[in-house]
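Take a walk through this structure. Begin with the overall fold, then turn to the aromatic rings.

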Amino acid sequence: MASSTVNRWLRPEVYPLFAAVGVAVGICGMQLVRNICINPEVRVTKENRAAGVLDNFAEGEKYSEHFLRKYVRNRTPEIMPSINSFFTDPNRN
């Protein structure tokens, strides 16, 4: 039974599926660790939970304005700008 299951799922055709699922699980794990470790609204220890609701706007701003958001803010939302301009520029012959 175990041999047929291994032969069914460990074929080269299934490797991209394993890679996609692995990347998705990695992204979810990274987000989970990020939220538990540095999110100002998540309190794991009992002392922090007893503090109640805190108005810590500076810490929330620091959390939400991370490096990637600052990097992408002033960029155009294009993945391949040269191809987009090739197909959309009316002055191109």
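This is a predicted model: local features need pLDDT of at least 70, side-chain atom pairs count only at pLDDT 80 or more; totals for chains, interfaces and linings use all residues.

Now look at the overall form. The C-alpha trace spans about 65 × 60 × 15 Å along its principal axes. The radius of gyration is 23 Å, whereas a compact globule of 93 residues would have one near 12 Å. Buried residues make up 5% of the chain. The accessible surface is about 8700 Å², and carbon and sulfur atoms hold 64% of that. The chain carries 12 positive and 9 negative charges, and their mean positions lie 6 Å apart.

Next come the rings. A pair of aromatic rings is described by the distance of the centres and the angle of the planes. The structure holds two aromatic pairs. In one, Phe 67 and Tyr 71 have ring centres 6.1 Å apart and planes at 25°, so the pair is stacked. Both residues lie in helix 5 (residues 67-72), four residues apart, which is about one turn of the helix. Phe 67 counts as exposed because its relative accessibility is 66%. Tyr 71, at 45%, counts as partly exposed.

Phe 86 and Phe 87 form an edge-to-face pair, with 5.0 Å from centre to centre and 80° between the planes. Phe 86 is partly exposed at 44% relative accessible area, while Phe 87 is exposed at 66%.

Methods
Residues are numbered from 1 along each chain as its sequence is written. Side-chain values use heavy atoms; hydrogens and water are left out. The radius of gyration is taken over C-alpha atoms; the globule rule is 2.2 Å times the number of residues to the power 0.38. Buried means under 20% relative accessible area, exposed over 50%, partly exposed in between (1.4 Å probe, protein chains only). Accessible areas come from the Shrake-Rupley method with a 1.4 Å probe; for residues, only the protein chains shown count as cover. Lys and Arg count as positive and Asp and Glu as negative; His and the chain ends are not counted. The place of a charge is taken as NZ of Lys, CZ of Arg, CG of Asp or CD of Glu. Rings of Phe, Tyr and Trp (its six-membered ring) pair if their centres lie within 6.5 Å; planes under 30 degrees apart count as stacked, over 60 as edge-to-face and the rest as tilted. Helices (H or I, at least four residues) and strands (E, at least two) are DSSP runs, numbered from the N terminus.
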